[in-house]
Amino acid sequence: TEELANSARAHRNNLLKETVDSVNPMRWEALTELQKDAWRAYRQALLDIPQQEGFPKDIVWPEEPKL
């Protein structure tokens, strides 16, 4: 299970890097407050993955918000 946990964390970190943390400041400022809230919630849900009850075998991955 340690290998599964490491793999899940790596996938989560990649999602954070590729989808959330890559939103540039100009694009971020163009988002509505509702869109910003959705992205904040998505980021937090990704960070919370290791605390899910089924982690690392049964993970519910959050859905990426639309820009």
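**Burial and basis of the model**

A residue is termed buried when its relative accessible area is under 20%, exposed when over 50%, and partly exposed in between, with a 1.4 Å probe and protein chains only. By this criterion, Trp39 is buried, and Tyr42 is buried as well.

The structure is a predicted model, in which local features need pLDDT of at least 70 and side-chain atom pairs count only at pLDDT 80 or more, while totals for chains, interfaces and linings use all residues. Residues are numbered from 1 along each chain as its sequence is written, and side-chain values use heavy atoms, with hydrogens and water left out.

**Overall architecture**

The protein chain contains 3 helices and 0 strands; helices (H or I, at least four residues) and strands (E, at least two) are DSSP runs, numbered from the N terminus. Along the sequence the pattern reads α-α-α. Taken along the principal axes, the C-alpha atoms fill a box of roughly 40 × 20 × 15 Å.

Of the 67 residues in the protein chain, 28% count as buried. The accessible surface comes to about 4900 Å², and 50% of it belongs to carbon and sulfur atoms; these areas come from the Shrake-Rupley method with a 1.4 Å probe, and for residues only the protein chains shown count as cover. Among contacts (heavy atoms within 4.5 Å) between residues at least 6 apart in sequence, 54% join residues at least 24 apart.

**Helix α3**

Helix α3 comprises 15 residues (residues 33–47), which at 1.5 Å a residue should span 21 Å; its end C-alpha atoms are 21 Å apart, in agreement. The expected span is 1.5 Å times one less than the number of residues.

In α3, the residues Lys36, Trp39, Tyr42 and Leu46 are buried. They lie on the same side of α3, because they cover an arc of only 125° around the axis; the arc is that of the directions from the helix axis to the C-beta atoms. The buried residues of α3 pack against α1 (2–20) and α2 (25–30).

Lys36 belongs to helix α3 and counts as buried because its relative accessibility is 7%. Apart from neighbours within four places in sequence, Lys36 is in contact with Trp28, Glu29 and Leu31.

Rings of Phe, Tyr and Trp (its six-membered ring) pair if their centres lie within 6.5 Å; planes under 30 degrees apart count as stacked, over 60 as edge-to-face and the rest as tilted. Trp39 and Tyr42 form an edge-to-face aromatic pair, at 5.8 Å centre to centre with 90° between the planes. Trp39 and Tyr42 are 3 residues apart in helix α3 and are therefore separated by about one helical turn.
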